[in-house]
Amino acid sequence: MVDDSPLLLTLELGGIFVFAISGGLVAVRKRLDVFGVLVLAGATGLGGGFLRDMLIGATPPAALADWRYLLVPVAAGMTTFLFHPTIGRMERVVSIFDAAGLGLFCVTGALKALEFGLGPVPAALLGMLTGIGGGIVRDLLAGRVPVIFSSELYATPALAGAAWAVFAHDRGWALVIVAIPGVVVCFGWRVLAIMRNWRAPIARGPSSV
């Protein structure tokens with residue numbers, strides 16, 4: 001658990017749920033069975049937080065210490081398995097869910113890193129890793145190039161949201177002011193990138209040298 005705050009717990013569980021839906025949908029499209037859907041949903045929802053906890057020495061990881069962290073991705077995976085035709089038709093909505101999960105996780109990851117004594121820069125970077133970690137695990141398990149390497153603006157919005165959380169936390173502002181704007185910054189940037197097809201620059205010219 002991030003800390004005793006109900007707000008942060010809600011944000012983290014919400015992030016797990018929406019990320020797990022995106023992972024479950026990828027599994028369904030890869031024609032995996034129900035076990036495969038649950039595994040990919042769980043890996044997507046819990047992967048970023050698991051990496052964060054292992055790196056900062058928060059053992060056992062929250063995903064293994066609190067039953068709610070395991071129940072949420074199972075519920076999301078089963079929901080996707082049973083209702084994937086409806087969810088699949090809402091491709092843009094699923095992308096919005098993924099953006100919401102990114103915003104939720106980058107903030108909770110940064111705040112937990114601060115709680116464990118990391119400095120501002122490492123905490124912001126760990127917040128970004130918490131946000132993108134589940135997606136990386138999902139894409140690797142599904143045999144895809146991780147989305148953060150495909151020129152989409154994904155990691156940058158996560159870093160911006162985490163940086164705000166660190167900045168506001170260091171000034172002693174209220175938790176709502178620390179968390180909510182950080183989520184909004186990351187979510188808003190990611191959604192605008194999706195809607196306007198913003199891309200990170202890639203190398204020009206022939207790939208062979």
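Q: Where does tyrosine 154 lie?

A: Tyrosine 154 sits in the loop between H6 and H7. The helix labels come from DSSP runs (H or I, at least four residues for helices; E, at least two for strands), numbered from the N terminus. Before we go on, please note that this is a predicted model, where local features need pLDDT of at least 70, side-chain atom pairs count only at pLDDT 80 or more, and totals for chains, interfaces and linings use all residues. Residues are numbered from 1 along each chain as its sequence is written, and side-chain values use heavy atoms, with hydrogens and water left out.

Q: Is tyrosine 154 buried or exposed?

A: The cut-offs are these: buried means under 20% relative accessible area, exposed means over 50%, and partly exposed is in between (1.4 Å probe, protein chains only). Tyrosine 154 has 1% relative accessibility, so it counts as buried.

Q: Which residues is tyrosine 154 in contact with?

A: Contact means heavy atoms within 4.5 Å. Leaving aside neighbours within four places in sequence, tyrosine 154 is in contact with Phe19, Asp98, Leu102, Ile132, Val147, Ile148 and Arg190.

Q: Which residues touch the most other members of the largest nonpolar core?

A: As a general idea, nonpolar side chains tend to be buried together in soluble globular proteins. A nonpolar core here is a set of buried Ala, Val, Leu, Ile, Met, Phe, Trp, Tyr and Cys residues joined through side-chain atoms within 4.5 Å. The largest such core has 40 residues, and Tyr69 and Ile132 touch the most other members. Among the elements giving two or more residues to this core are helix H1 (6–29), helix H5 (91–115) and helix H8 (175–196). H5 gives the most, with nine residues. A second, separate core of seven residues includes Ala20, Leu25, Ala41 and Val94.

Q: Which residues make the nonpolar surface patch?

A: Patches are made of residues with over 30% relative accessible area and no salt bridge; like charges are joined within 9 Å, and nonpolar side chains (Val, Leu, Ile, Met, Phe, Trp, Tyr) within 5 Å. Areas come from the Shrake-Rupley method with a 1.4 Å probe, and for residues only the protein chains shown count as cover. Here Val34, Phe35, Val39, Phe81, Leu82 and Phe83 make a patch of about 560 Å². H2 and H4 each supply at least two of its residues. Phenylalanine 35, for one, is in helix H2 and has a relative accessible area of 59%, so it is exposed.

Q: How many salt bridges are there by this rule?

A: A salt bridge is a side-chain nitrogen of Lys or Arg within 4 Å of a carboxyl oxygen of Asp or Glu, and the count comes to eight. One of them joins aspartate 53 and lysine 112, with the closest N and O atoms 3.1 Å apart. Aspartate 53 is in helix H2 and lysine 112 in helix H5, so the pair ties together parts that are 59 residues apart in sequence. Both aspartate 53 and lysine 112 are buried.

Q: Which residue forms a salt bridge with glutamate 152?

A: Glutamate 152 pairs with arginine 190, the closest N and O atoms being 2.8 Å apart. This pair links distant parts of the chain, with glutamate 152 in the loop between H6 and H7 and arginine 190 in helix H8, 38 residues apart. Glutamate 152 is partly exposed, with a relative accessible area of 25%, whereas arginine 190 is buried, at 7%. Elsewhere, salt bridges that share partners join Glu12, Arg52, Asp53 and Lys112 into one network.
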